[in-house]
Amino acid sequence: MKIAGTAYKGDPKFAIHVDGKVVDAETVVTADYGTDWQTFTFTGDFDAAGSQKHKIEIDLLNDLWSRGKGDRNLYVDAVTFNGVTQSQDVAITNQIDKDWFFTI
Ligand SMILES: [Ca+2]
Ligand SMILES: [Ca+2]
């Protein structure tokens, strides 16, 4: 996944779940949104029980916002799962989880 963030009193952190299971509990994003991106790769065996539908969930763990001062957010440029890329831009600006669905 290709991600950038806006820092405010610290860098944003995210967790990844695939099909409801924790794949990575905490990753820090240091790339500044607007000037840079970071690419993160996570591996695992996700083809459980013959299911071909998969849900990737990205959670912003440490949202922070203060009017006129700063906003800690994540910005997702693309998510690739098993070679399939979804490139819609998704902003994660608060603690609402965002999901990507893949059928492979
Ligand atoms: Ca994109
Ligand atoms: Ca925020």
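Helices (H or I, at least four residues) and strands (E, at least two) are DSSP runs, numbered from the N terminus. The model shown in these views is predicted, with local features requiring pLDDT of at least 70 and side-chain atom pairs counted only at pLDDT 80 or more, while totals for chains, interfaces and linings use all residues. Residues are numbered from 1 along each chain as its sequence is written, and chains are lettered from A and ligands numbered from 1 in the order in which they are written.

**View 1. Four strands form an open sheet in the order 3-2-5-10, with antiparallel pairing.** Strands are taken to pair if DSSP finds at least two bridges between them. At the edges lie strand 3 (21-28) and strand 10 (98-103), each of which pairs on one side only. From one strand to the next the twist averages 15 degrees, where axes are lines fitted to C-alpha atoms, for helices over the stretch in contact, and angles run from 0 to 180 degrees between N-to-C directions. Strand 2 and strand 5 are joined in the antiparallel sense over five bridges, and H17 has E57 in strand 5 as its bridge partner.

**View 2. The largest nonpolar core holds 15 residues, and I3, F14, I58, L74 and V76 have the most contacts inside it.** Strand 1 (2-6), strand 2 (13-18), strand 5 (53-60) and strand 7 (70-81) each give two or more residues to this core, with the largest share, four residues, coming from strand 7. Such a core is a set of buried Ala, Val, Leu, Ile, Met, Phe, Trp, Tyr and Cys residues joined through C-beta atoms within 7 Å. A residue is buried if 20 or more other C-beta atoms lie within 10 Å of its own, exposed if 12 or fewer, and partly exposed in between, with C-beta atoms placed from the backbone. By this criterion, buried residues make up 18% of the 104 residues in the protein. When neighbours within four places in sequence are left aside, V76 is in contact with M1, I3, I58, V90 and I92.

**View 3. K9 and G10 are found in the loop between strand 1 and strand 2.** K9 has a positive phi of about 55 degrees although it is not a glycine, and K9 counts as exposed because it has 10 C-beta neighbours inside 10 Å. G10 is likewise exposed, with 10 C-beta neighbours inside 10 Å. From G10 to I56 the separation is 46 residues in sequence and 25 Å in space, C-alpha to C-alpha.

**View 4. N82 is found in the loop between strand 7 and strand 8 (84-86).** N82 has a positive phi of about 50 degrees, although it is not a glycine. N82 is classed as exposed because 9 other C-beta atoms lie within 10 Å.

Note on methods: Contact = placed C-beta atoms within 7 Å.
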